[in-house]
Amino acid sequence: MVITSQKKHEEILKYLSSSKKIFIVGCGACATVCKTGGEEEVWQMEEFLSKNNKEITGDVVIDEVCHLLLTRRAFREHKEEIEKADTVLVMACGTGIQAVVASTSKKVYPVLDTLFIGVTKHIYEFQEWCNTCGECLLSETNGICPIARCPKHMLNGPCGGVVDGKCEIDPELDCPWILIYKRNKESLKKIHLPRDNSKRARPGILSLRGVR
Amino acid sequence: MNKLKQALENQKFVFTTEIYPPKGTDTTKFLRMAQIVKRSVTAVNVTDNQRALVKLSSIAGCLLLRKQGIEPVYQITTRDRNRIAIQSELMGAYALGIRNILAITGDHTLLGDCPEAKPVYDLDSVQLLYLISKLNSGFDINEHPLQGKTDFFYGAVVNPEASDLEPELIKFEKKIKCGAQFFQTQIIWDIDKFKKFMKYASKFNVKILAGIIIISSSKVINLMNKKVPGIKIPDSIIRRIEKSSDPVKEGVKIASEQIKELQGVCDGAHIITVGKEDLTPQVIEMSR
Ligand code: SF4
Ligand code: SF4
């Protein structure tokens, strides 16, 4: 899931300073689970903006804003309300925001900061366990990712800063290398040569068209 | 000629120390400290933006030392440079006459005075050692031949008192497999533990210099315990310093006592002073 958090409301008001009529887009997927852009948060945002003298022309919570076809369809269905607005405010991740930009020529502004792809550890508690490196090495690290879970992306064992299994930059974080070691120490012994970063050096594109 | 390598091969007990480049361009204090330690130690490490603090570059510091007739150990971290920059920098260092390298990953940017910086970590310390072994054999990291190879004497860090010791030792062995020829350890407190480590480490053909810190005040204790990842000064030492009427003298005494105990155990000592380099000659003198 894509983990997001809401920007400070003052910041949002700042870039809405010249906007008067606003249409709001929420997301029924990740942002709903994160409590940052679901039905409830869209409604709260409307209330907040109305209090700050903005007119809300309408809103929609799209199943997945990042799905361009769904977003375009929703924009056709809400054409009139969007026409009346001067600004579209999006309560979805960065991909979702840009899917909206690709669906309208109106001014589009974000409400959320997009943080990472995460697991839900507890309700409303998320952690980054994968950072989409492009070449998964979990088969060699007992299924625990040192690239996403170590701030230094160490590939050959813990750095000198680890103390009692915790990371030097945040004692809340488990050092992945100690977790890997505890599962099976053999996997610490392999020397991992420098990774091939060319796989992630340009924006990702994947087409399954020829396959399907 | 490589003084450090020769000394480690021929002498019983070798001393190294480290000095920190200034924040800024005034190298007066840096050079004064270098002059003070010059006759007491075989080589002097120059730190690479230690603790992720913005400082004058390590390579420039090394060159300044060389001009004074002091043999530098060029510390290089993987925090601030990708593998292109590191290779380029290492070839440059070699061409400028720098012969010793200490390869480290480096404290995280978030712990320093420029936490907004983008951390690089394209390589880790093991991979950095691998890269140096490549340059030494006349190739870049992708096997392209070099016009003139390097011949670095290169080492790394090990922590015999790591709280998670076995993973640390597995990594130590990987560093040796990637060519590390010497180790400067993290600060040693528990001599018995260290002796055990040496018994294990003597299986390998590497030189070990034990890290010894000179504590000159409670301020240093605080700094080390709070700011330096993985460092914990034991309470017994803290009490000795705090109770003493002359903490500097006490710190010098503690360090020299430790060094005495290490004679015959390892290949030398690497003295860490946290900015009090002027105490180094005294400590070495007292430990003889
Ligand atoms: S190695 Fe880590 S970052 Fe890369 S794909 Fe696998 S889990 Fe994700
Ligand atoms: S303590 Fe572990 S997780 Fe933290 S930076 Fe070091 S190796 Fe990475």
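The contact between the two chains draws 29 residues from chain A and 26 residues from chain B. Keep in mind as you read on that this is a predicted model.

How much area is buried between chain B and chain A? About 2400 Å², with 58% of it given by carbon and sulfur atoms. On the chain B side, the residues that lose the most area to chain A are Gln127(B), Pro167(B) and Lys174(B), which together make up 21% of what that side buries.

Now let us turn to chain A itself. Its secondary structure comprises nine helices and nine strands. Chain A has a radius of gyration of 21 Å, while the globule rule gives 17 Å for 212 residues; the value is well over the rule, so chain A is more spread out than a compact globule. Along the principal axes, its C-alpha trace spans about 65 × 45 × 25 Å.

| Share in chain A | Value |
|---|---|
| Buried residues, out of the 212 residues | 40% |
| Residues 24 or more positions apart, out of contacts with a separation of 6 or more | 60% |

How many positive and negative side chains does chain A have? There are 30 positive and 28 negative ones in chain A. The centres of these two sets lie 6 Å apart.

Methods. Residues are numbered from 1 along each chain as its sequence is written. Chains are lettered from A and ligands numbered from 1 in the order in which they are written. This is a predicted model: local features need pLDDT of at least 70, side-chain atom pairs count only at pLDDT 80 or more; totals for chains, interfaces and linings use all residues. Side-chain values use heavy atoms; hydrogens and water are left out. Helices (H or I, at least four residues) and strands (E, at least two) are DSSP runs, numbered from the N terminus. The radius of gyration is taken over C-alpha atoms; the globule rule is 2.2 Å times the number of residues to the power 0.38. Buried means under 20% relative accessible area, exposed over 50%, partly exposed in between (1.4 Å probe, protein chains only). Contact means heavy atoms within 4.5 Å. Lys and Arg count as positive and Asp and Glu as negative; His and the chain ends are not counted. The place of a charge is taken as NZ of Lys, CZ of Arg, CG of Asp or CD of Glu. Buried area is the accessible area (1.4 Å probe) that two parts lose on being put together, summed over both.
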